[in-house]
Every structure is written in structure tokens, then in C-alpha cells.
Amino acid sequence: MLSEKMQEALNTQINKELYSSYLYLSMAAWCESVNLGGFANWMIIQAREEVSHTEKLFGFLNERGGRVLLQPIEGPPTEWGSVLEVFGQVLEHERLVTGLIHGLVKLARSEDDYATEAFLQWFVSEQVEEEATASGVVEKLKLAGEQGSGLFMLDREMGTRVFTPPAGE
Ligand code: FEO
């Protein structure tokens, strides 16, 4: 059985994952508005991944006899100055999420909640990947520049991303 405090913290994380999905969908909409369909595709898939993170937390809360309590989702930003700025914000946001996951692990440890701590290990590893991916795109964007054939090629590459459900689903 989960403690009240752990239940509340996992529900807050559900809200953060849904916000992440909302943020990336908003970024997809912006990319579409500046004719970068490949980047928009990448963002839509990223948004779906965030929903799958939500589903993992949702399933775990129920499995442990907790109660999922959804909260209002904050409105995401809608405008960015460049695609480099967009991905800079993705990286910043993923670093923030990593901090939140680490906070959950600390809480689980402080409560001797070994099951939650073990469950969260998947998220710890996932965040390493999330940050590395976002950082890789930022670096590529810096090399490609803000317009011209480099950006066009990168947009094409981003357009090839497909959704892969997380392992175990
Ligand atoms: Fe759910 Fe992008 O971390």
C-alpha cells in the first residue's frame, strides 16, 4: 500500500507528464506553423511518449492500491523565436523532469518503499535517454544553422521518427 504522501507525489508526476505532452504538442503546432513538418512529427511522437509515461504511473498507482486523482494541466507556451530555441527548452524541461523523478526516488527511499523505488528506476534510465536525445538535437541544430539546406535535411531526418511503445507494454 502506498503512503498518502507517495500517492500525492505520483499524482503530481502524472500531471507533469501530461503537461510535458501538452508542451510538446504545442511545440509541434509551432513547428507546423513555420513549415517544419519533420520537427512537428518528432514532437507529436514525443508527446505520445509522455502519455505513455503517464500510463505507466497510472497503472502503478492502481496496482499498489492507490487512487489516481487528475489535476488541471497548466497551459503551455505557444510561441518560440526559432527551432533552436524550441529544442533548448525541450532540454531544459527534460532536466527539470529528471529532477522531479530523482525527488520521487528520494521520497520512496525515505519511506522504505522498495517497490516504488524499483518502479522508478525505469524513469531514471528513461530520463538519461531523454536528455541525451534533446541535447543531440540541439547540437545538430547548431551545426545545421537556422535555415537553408542543413535545416531542411534535419527536418527530413526528424520526419522519420516513429512511435515505439516503451518496453513491457
Ligand atoms: Fe516523461 Fe520526457 O519525460
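Which way does α2 pass α5, in a left-handed or a right-handed crossing? Some notes on that and a few other spots follow.

1. First, the ground rules. This is a predicted model, where local features need pLDDT of at least 70 and side-chain atom pairs count only at pLDDT 80 or more, while totals for chains, interfaces and linings use all residues. Residues are numbered from 1 along each chain as its sequence is written, and side-chain values use heavy atoms, with hydrogens and water left out.

2. Back to the opening question: α2 passes α5 in a left-handed crossing. That label applies if the near helix is turned anticlockwise from the far one by less than a right angle; clockwise would be right-handed. Helices here are DSSP runs (H or I, at least four residues), numbered from the N terminus.

3. Look at how α2 (residues 37-63) and α5 (residues 149-158) meet: their axes come within 7 Å and cross at roughly 35 degrees. Axes are lines fitted to C-alpha atoms over the stretch in contact, and angles run from 0 to 180 degrees between N-to-C directions. On the α2 side, the contact (heavy atoms within 4.5 Å) uses Gly37, Gly38, Phe39, Asn41 and Trp42. The α5 side brings Leu151, Leu154, Asp155 and Met158.

4. Now turn to α2 and α3, whose axes are 13 Å apart at an angle of about 15 degrees. That makes the two helices α2 and α3 roughly parallel (angles under 35 degrees count as such). This crossing, with α2 passing α3, is left-handed. Phe39, Trp42, Met43, Gln46 and Glu50 of α2 meet Val83, Val86, Phe87, Val90 and Glu94 of α3. Sorted by class, that contact has seven nonpolar, one polar and two charged residues. Nonpolar covers Ala, Val, Leu, Ile, Met, Phe, Trp, Tyr, Cys and Pro; charged covers Asp, Glu, Lys and Arg; the others, Gly among them, are polar.

5. α1 and α3 have axes 11 Å apart and pack at about 170 degrees. They are therefore roughly antiparallel (the cut-off is over 145). Their contact divides into 17 nonpolar, four polar and four charged residues.

6. Finally, find the largest pocket, with about 190 Å³ of space. A pocket is an open set of points on a 1 Å grid over the protein atoms alone where a 1.4 Å probe fits, with protein on both sides within 12 Å along at least five of seven lines; lining residues have an atom within 4 Å of a point. The volume is the space filled by probe spheres set on the points. Among the lining residues are Tyr19, Glu74 and His93. α1 (4-33) and α3 (83-110) each supply at least two lining residues.

How values were computed. Parallel < 35°, antiparallel > 145°, perpendicular 65-115°, else oblique.
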